[in-house]
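Here is a short report on one protein chain. Please look over the sequence and the model first.

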Amino acid sequence: MHYASIENISKSFGIRTLFKNISFYVEEGDKIAFVARNGSGKTTLLKIIAGLDTTDTGTTWVHKDIKVIMLQQDTPFEENKSIWDNVLRMDNPVVKVVKAYEQCLEEDADNIEKLTDLMAQVDEHNAWNFESELQQILGKLNLHHLNEPVKNLSGGQRKRVALAQALIEMQLHEGRCLLILDEPTNHLDVSMIEWLEDYLSAKKVTLLLVTHDRYFLDAVCNEILEMDEEKIFTYKGDYDNFLEQKSLRQEVQASELQKDKNIFRKELEWMRKQPKARTTKSKSRQDAFVEVEERVSQKKEDLEVSLQVKMTRLGGKILEMKKINKSYGDKVLIKGFDYTFKRGERVGIVGKNGVGKSTFLKIALHQEQPDSGKINHGDTVVFGNFDQEGLKYKVDKRAIEYVKDFAEYFPLADGTKLSASMFMEKFGFSAEQQYTPLSKLSGGEKRRLHLLSVLFVNPNFLILDEPTNDLDLQTLRTLEEFLLDYPGCILIVSHDRYFMDRMVDHLFAFEGDGVIRDYPGNYSQYREALANNLLTDERQLIKEVPKPTKEISAQATTTEGKKGLTFNEKRELETIDAALPLLQKEKADLEATLSTSKLAFEDLQKAAERIGVITDLIDEKEMRWLELSEKQ
């Protein structure tokens with residue numbers, strides 16, 4: 001069934017053209033992801049399809065029997081009404097009876113007569129499947145206290161209410177709806193994202209999607225539409241295939257551009273001849289020159305992303321966190337955390353929403369005080385803090401003026417400098433966008449400007465709190481390439497699994513009740529260990545294994561012949577047992593990758609270096625395991 005046609009549509013804001021004469025079609029069962037720079041018009045295009053915005057030219061057609069449902073980045077709510085009223089505000093008899101039944105369970109469960117009557121109505125409307133779906137969606141998105149007014153909710157909670165509303169409405173129209181999701185994974189923790197992946201993959205739904213989460217994109221979508229240079233390009237398959245096909249397209253374009261430049265130089269010489277001579281020539285040749293000139297001026301060459309950073313050297317003392325405790329009332333966020341950061345560490349922080357990840361970062365930066373414990377900063381540490389609060393400014397100025405307030409130039413390792421304008425270009429700000437007032441930037445552009453302003457001051461310790469939210473995929477790749485070459489320390493909170501897998505060496509996993517596990521590996525390895533029960537339950541371990549007294553510890557270390565592991569050694573042995581299989585698997589995977597010889601030379605070199613690091617780690621851990629095993 002043909003769901004929608006978008007034909008030759010264009011949209012501009014003032015002198016800025018978002019897209020021009022683009023066309024594509026949506027068929028039943030399509031699951032399409034849109035990819036483009038922030039500010040290129042992805043959200044505007046989705047709103048046009050949903051009937052929430054209009055085109056300048058062209059036509060948009062949606063089948064009359066299809067219900068269009070859109071999750072916006074900022075969904076409008078009835079602020080004084082409850083979560084229940086906003087989630088179930090559809091005018092539908094099934095919704096009404098299920099809502100009445102659920103409210104009776106929550107508020108008047110002892111009224112057996114009323115409850116029985118409502119159960120009969122649910123039977124009559126054949127609504128039990130819908131009621132089950134409703135409970136699943138609300139439970140998985142952690143939406144409780146459903147009588148709470150929406151105006152009291154945080155930004156993350158509001159996003160989850162909006163997502164629940166869209167999914168529940170989709171359930172009512174399953175098989176005949178077009179679901180449009182604009183950044184659905186923002187403000188979701190990893191377990192919610194993984195559930196949403198499975199949910200959308202299993203449903204018979206036609207989907208248009210904007211997301212920065214590449215694992216989510218691969219799991220849910222089967223087609224990618226890229227908006228670039230005011231045009232649209234179609235790619236079948238996953239994100240890796242998109243990158244490969246885009247690279248081929250850019251090679252062809254570069255070849256065509258070079259041909260156009262050669263023609264342009266020859267024709268320009270001809271056009272510069274005396275006017276009298278030119279009048280005797282063909283007018284068609286003059287028209288052809290104008291066309292070539294337009295093509296050459298419109299095509300842009302991509303700038304190299306690699307930036308060899310020259311940063312302030314880190315001293316021996318970087319960041320020490322000693323016996324940190326933090327609670328809010330009865331809720332324990334951090335309990336006895338103790339860690340000393342070393343040069344070049346890349347640490348990821350993972351955990352469910354509300355377990356204290358952002359609080360941890362604020363404590364590390366001295367922005368918030370712990371209940372007890374000490375935080376010591378090294379004298380040479382320069383922190384760069386990319387937080388969730390976003391771009392901060394009091395005076396509306398042009399984007400480049402905002403960046404220049406921090407510095408005029410960015411120092412490079414070879415002693416040269418990069419101007420503020422060139423640095424902005426590397427992060428996707430064209431000359432036109434650089435002179436755009438801050439108030440006129442899109443939400444994603446403001447997020448991108450905030451990021452590059454943090455990097456532009458050249459910190460040697462980066463703290464990134466959900467850096468991937470609202471960033472387009474191209475900017476994410478730019479950020480990843482920057483961070484892979486970055487020689488300083490990095491501390492990252494993120495629910496983006498792809499980003500975490502590329503960026504971090506080990507994790508602080510917030511497991512609730514103040515427990516923070518230091519895990520030696522990336523996010524996918526941690527989740528695999530968790531799924532295969534390879535991790536010890538530290539809370540249970542602490543309860544079952546009493547901490548040795550000073551006398552016992554001293555006796556164990558001084559009395560020859562009496563062997564036994566201390567509490568910390570037992571924990572260390574458990575950690576090694578969990579880490580070794582994962583390190584061995586990573587080594588085997590890398591060796592298999594190297595044997596295929598399909599990687600670029602630079603990637604082969606990195607993989608070989610990583611194998612060397614892993615081999616050393618395995619040897620070190622096996623030796624330590626033998627030492628500890630002999631003491632048991």
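## Contacts and overall make-up

A contact means heavy atoms within 4.5 Å. Among contacts in the protein chain between residues at least 6 apart in sequence, 69% join residues at least 24 apart. The model is predicted: local features need pLDDT of at least 70, side-chain atom pairs count only at pLDDT 80 or more, and totals for chains, interfaces and linings use all residues. Residues are numbered from 1 along each chain as its sequence is written, and side-chain values use heavy atoms, with hydrogens and water left out.

The protein chain has 23 helices and 20 strands. These are DSSP runs (helices H or I, at least four residues; strands E, at least two), numbered from the N terminus.

## Surface and burial

The protein chain exposes about 31,700 Å² (Shrake-Rupley method, 1.4 Å probe). Carbon and sulfur atoms supply 48% of that area. Of the 632 residues, 46% are buried. Buried means under 20% relative accessible area, exposed over 50%, and partly exposed in between (1.4 Å probe, protein chains only).

## Helix α1

Helix α1 spans residues 42-49 and is mostly covered. Six of its eight residues are buried: Lys42, Thr44, Leu45, Leu46, Ile48 and Ile49. Gly51 follows α1, with a positive phi near 80°.

## Asp238

Asp238 lies in the loop between β9 (231-236) and α9 (239-271). Asp238 is partly exposed, because its relative accessible area is 33%.
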